[in-house]
Amino acid sequence: MRISSLRLQLLAWVVLPLAGLATINLWTSHRSALATADLVTDRMLLGSARAIAEQVAIVDGVLDATVPPAAIEMFDTGDRDSVYYHVETAGGRLLTGYPDLPEDTRQPSVEAVYRDQALRLLTFSHAVVGAGPDSPITVTVGVTMAGHDAMVKRLWLSAFAQQLALVAIAGIFVLLGLRRGLAPLIRLRDAVRSPRRSDLDPIEVPGAQSEIRPLIDALNAYMERVRAQMAAQRRFIANAAHQLRTPLALLSTQASYALRETVPDARQEALVALQTSSGKLARLAEQLLTLSRAEPGSRRPRADHVDLTEAARHVLETHAPIAIGRNIDLGLEEAGPVPVIGDGTMLREMIVNLVDNALRYTRAGGSVTVKLAATDGEAVLTVDDDGPGIPADERDHVFERFYRIVGSTEEGSGLGLAIVREVVENAGGRVTLGDGATGGLVVEVKLPLA
Amino acid sequence: MRLLLVEDNRELADWLGKTLRQANYVVDVVHDGEDVEHALAAGDHALIILDLALPRMGGLEVLRMLRARGNAVPVIVLTANASLDGRVKGLNEGADDYLAKPFQIEELEARIRVQLRRANDRTAPVVACGDLVFDTNTRLFSLAGETLGLTPREHAVLEQLMVKAGRTVSKAALSAAIYDFETDADPSTIEIYVHRVRKKLEGSRVQIATLRGLGYLLRHED
């Protein structure tokens, strides 16, 4: 299972190893409690055996063993232990006690089973003066394990409680520390989620640690980018709306004029002009749409194989009627296919705008030439016209959206070259303006060859 | 009434001019803020229709310049920027009215009439001199209840005299008010138009009196 909570993760990383260590510690402390209880019991057994042995003496020539009460009572720790003993001579004669009590053959003590009870046994040898062959006597004392076990439990339980408290306290501190440490993150979350944050102001989180600071900075930088993009979009939309108002006023004026005019010819003229205006307005709307599509991120990047020669030929064919109508010599100079990779629709739209511009600004009877070549690994498209050209100091500005040259009488939208630049740059190329051989404008587009 | 239309979009300027001429206004069109001064110096314009987005000299700047020189000609501002801020700015700079593009020509005409009425201290849309009546809404003259057929030039002459009813209008002032830049303003032709109007007013109690060395005066016999 994956733990996705930072709190649980950190808690697990601190508390689980700590609990493991505590378990090992408990095992060792259990062993040491056992050893302590063994030692204490053995000391008591030894003391008891010694006390019994010291009371064995020759009384009236007979070896007499009287068990002092203290030797038994010392085991009375309230755990209802039973004490068993026996005293034997060196020859194996029972002097007193339980005859069938097993003897401890090993030193110092052993655990045995007697009358279905676990016993801890100790056998002690003691020389009795004047006892002759009966000396030394052996005293065996055994005690049931209740006291011993109780001692182990007491010793071990206190260690257990200590360890448990340690782990619990560590866990609590981890949680408290996390709560404190995560507070700036929580504040950051609340700041981002706040319903008042409709604008994209930078977020400030006071008290944020140096680890969280980069996150906030990155977030703010990101919002700044989004804000800049939104501002650009807003400007564009405002500009577009603005640009649509004058043509709409023109349409409305022409329509009103036609409605009021009673002379058939004048009325006809107004209606024809109205039709032309609505065509221009449609073209403007189309260009606005193209421009919004040409913006990075607004259209899925495409990698069509496009033959620029073929595309240019198609555009020139569709524009031929306009050229013929204005007696403009529209020509194509090419030497075979010029393949490039890019968004086919946008590249064609780019050529449309170049040819459209050239035809628009070339006077009647002039000429417009579209040339295509593949040189030095680059596709080169040039559109050469006879128009007034663009003064050098205006050349940087004409690529800006809606930019119109002061004093220009031609009613262009100011979008054509903006579209051209956007499309060409998206396709990894560049566009430059130059002087034509006949004083007009030369637009040169260079794109990487496919 | 002679109007000055300042609009940089040539097509819109042309068609607005045509439409206003249809309504018997005399209209001069310039496309550039810098030409406004010359235009005003060359003619007597009763009102300016001013686009704000002009090359070289912006509309607001033109407005500021006019008002700074004490020129009180009514100005209706046309603009593609319909924001409240833009409107307030235009009005603060001395515009008399404000119209956002796109607009209906009827609204522009109504606003022109309001400004002209105001400029001539009139409140009623109908001006009368005896039994000669000029309806500023339909922009038609009627004499004793009958609509008076006038050519645009005759209309301009009579309108000018009517607006100044009771005051003398010099030949030069009449000329400045009725000819646009397209026409060679020959003051002697004024006499011809006045003569034609007089003929059309014959038989009524309204007449155009000539005051030698002063000009013309429209008056009616009681």
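Biologist: Why are helix 4 of chain A and helix 5 of chain A called roughly antiparallel to each other?

Modeller: In this predicted model, helix 4 of chain A and helix 5 (residues 264-294) of chain A pack at an angle of about 165 degrees, with their axes 9 Å apart. Angles over 145 degrees count as roughly antiparallel, and the two helices are therefore given that description. Helix 4 of chain A passes helix 5 of chain A in a left-handed crossing.

Biologist: Which residues make the contact of helix 4 of chain A with helix 5 of chain A?

Modeller: From helix 4 of chain A they include A:Leu244, A:Pro247, A:Leu251 and A:Tyr257; from helix 5 of chain A they include A:Arg267, A:Leu274, A:Ser277 and A:Leu281. The residues of this contact divide into 15 nonpolar, 4 polar and 2 charged.

Biologist: What describes the packing of helix 6 of chain A and helix 7 of chain A?

Modeller: Helix 6 (residues 308-325) and helix 7 (residues 344-361) of chain A pack at an angle of about 35 degrees, and their axes are 10 Å apart. Their crossing is right-handed. Among the residues that meet are A:Val315, A:Leu316 and A:His319 in helix 6 of chain A, and A:Arg348, A:Ile351 and A:Val355 in helix 7 of chain A. The residues of that contact divide into 11 nonpolar, 1 polar and 1 charged.

Biologist: What makes A:Asp396 buried or exposed?

Modeller: A:Asp396 has 10 other C-beta atoms within 10 Å. A residue with 12 or fewer such neighbours counts as exposed, and A:Asp396 is therefore exposed. A:Asp396 is found in the loop between strand 12 (378-384) and helix 8 (416-426) of chain A. A:Asp396 and A:Leu433 are 37 residues apart in sequence, and their C-alpha atoms are 9.1 Å apart in space.

Biologist: How many residues does each chain bring to the contact between chain A and chain B?

Modeller: The contact takes 18 residues from chain A and 18 residues from chain B. Helix 4 (residues 213-260) of chain A gives the most to the side of chain A that touches chain B, with 12 residues. The residues on that side divide into 5 nonpolar, 9 polar and 4 charged.

Biologist: What is the secondary structure of chain B, and what percentage of its residues count as buried?

Modeller: Chain B comes to 8 helices and 11 strands. Of its 222 residues, 36% count as buried, the criterion being 20 or more other C-beta atoms within 10 Å. Among contacts in chain B between residues at least 6 apart in sequence, 56% join residues at least 24 apart.

Conventions. Residues numbered from 1 in each chain as written. Chains lettered and ligands numbered in written order. Predicted model: local features only at pLDDT ≥ 70, side-chain atom pairs only at ≥ 80, totals over all residues. Contact = placed C-beta atoms within 7 Å. Helix = DSSP H or I, 4+ residues; strand = E, 2+ residues; numbered from the N terminus. Nonpolar A, V, L, I, M, F, W, Y, C, P; charged D, E, K, R; others polar. Axes fitted to C-alpha atoms, helices over the stretch in contact; angles between N-to-C directions. Left-handed = near helix turned anticlockwise from the far one by under 90°. Parallel < 35°, antiparallel > 145°, perpendicular 65-115°, else oblique.
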